[in-house]
Amino acid sequence: MNETTQALDALVGEGKTPTGFEQIDMNFNLRMRAFIGICMPPMFRHMEKRLSMMDLRQQGIAPILFYVDFRSTNAPLAFARSLLTRHEMRLKRSITDADNRPASAGRERLLLDSETRISGRRQAGGRDSLGYHPGADELVDAGSARVLHVLTRPTAPREQRQVIEVPGALSALVEHPHGEALPDVDSVRAVPANYKAVDSGAAGEFRDVWGLPQTDINQHVNVLEYLMGMENQTSRLLDGAGLSLPDHRLTRMQMLFRKPFFPGQRYAIQAGLYRHGDHTLVSGGFHGINAQGEVDAQPFVAGAVEGVRTA
C-alpha cells in the first residue's frame, strides 16, 4: 500500500546502481548519456512507492522531461562498484509571462523539480587494469543532475494537454511556487562573452531521420536519443575544428525539450563550437525538417554541452 497519508515537503531518498560499461568512459568518468539511467530509476521507484505513479498514468497524465542540467566531475570511478544517488524532488507550480519570467498571471505548469547527487568509489587500478580492480574505499563526488518534469497529457488533443490541478496521486506532496524563470532556448544556448566562435567546417549541421527504435511508451522519441545526439555532435564539431577528441572531457550538458519528435520525422542538428582557453562550449539544437526540406527556425530541442581539454 502506498504511504500517502503524510504531507511531504519533498520526496527525499537514496539509490544504488552498479557501474557498468554503459556508464563510464575509458578514463572512468561518467558519460553524459548515463545520467538518465543512473538518476531516474531510483527516484521513480521511490515515487511509485509513495505516490502511485501508475495511477497517474491510468488517468492519461505523465511527467514529461522539460529540462535537464547534468554535471560530471573529473573523478575516476571504480568499475562494478555501486554508484550512490541522493535525490530531492518537489512539486512546484510555475506561472510565467510572455518572457518566461515569474508572474502573478500567465501560463501555468505543474512541475516535478528534482536534484540528484551522484557519488562512487574512486578507481584505483589505472587504465591498464581494464577496470578489474576493487577500487578505493573513498567515496568521491561523481556528478549532479537538475531535472524538471512537466505534468501533461501527452496523448490528448493539444488544447487538453495542460495539467494545472494537482492529481490525486500527488496530493501528498506540498505544492511550492517555482519562483524563478523557466529555462528557454535563449538561456540554454547562451554563449558567454569571453567565448569565441571556432570554425568547424561543414560539421555544424547533421541531418537524419527518427525511427521506431528511438521511441518510448510516452509515444515519441526518447530523451536519451537527444543526449547521445548532442554528445555525438560535439565530437563532430571538435573534430572539424582539428581539436583532439581523446584529450577532451565533457563536463556539463543542458537540454530543453520544447516539442516531441515522432518516427518518420526528419531532423537537423545545428550547432556551433565556441572556445575560451581550454574550455569549449557547443550550443545548438534539434530542428524539424518539413516535406519541402526546409529546416524549422526554432529547435524542437535546444542544447548546450560544455567541455575541457585534459592534456
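Predicted model: local features only at pLDDT ≥ 70, side-chain atom pairs only at ≥ 80, totals over all residues.
Now turn to another pair, tryptophan 210 and phenylalanine 261. Here the rings are tilted, at 5.8 Å centre to centre with 50° between the planes. Distant parts of the chain are linked here as well: tryptophan 210 sits in the loop between β8 (205-209) and α4, phenylalanine 261 in the loop between β9 and β10 (266-276), and 51 residues separate them. Both tryptophan 210 and phenylalanine 261 are buried. They also belong to a cluster joined by ring pairs, together with Tyr226, Phe257, Tyr267, Phe286 and Phe300. The count of aromatic pairs comes to twelve.

The charged end of lysine 259 sits over the ring of phenylalanine 300, 4.2 Å from its centre, and arginine 236 lies over the face of phenylalanine 206, 3.6 Å from the ring centre.

Lysine 259 also brings us to the largest pocket, where Arg107, Phe257, Arg258, Lys259 and Pro260 are the lining residues nearest the centre. This pocket holds about 1,100 Å³ of space and has 31 lining residues. Elements giving two or more residues to the lining include β4 (107-121), α4 (223-240) and β9 (248-257). By class, the lining is made up of 16 nonpolar, six polar and nine charged residues.

How values were computed:
Residues numbered from 1 in each chain as written. Heavy atoms only, no water. 1 Å grid on protein atoms, 1.4 Å probe; cavity = no way out; pocket = protein on both sides within 12 Å on 5 of 7 lines; lining within 4 Å. Points joined across faces, edges and corners; volume = space filled by probe spheres on them. Helix = DSSP H or I, 4+ residues; strand = E, 2+ residues; numbered from the N terminus. Nonpolar A, V, L, I, M, F, W, Y, C, P; charged D, E, K, R; others polar. Phe/Tyr/Trp six-rings, centres within 6.5 Å; stacked < 30°, edge-to-face > 60°. Buried < 20%, exposed > 50% of the residue type's maximum accessible area, 1.4 Å probe, protein only. Lys NZ or Arg CZ within 6 Å of the ring centre and 35° of its normal.
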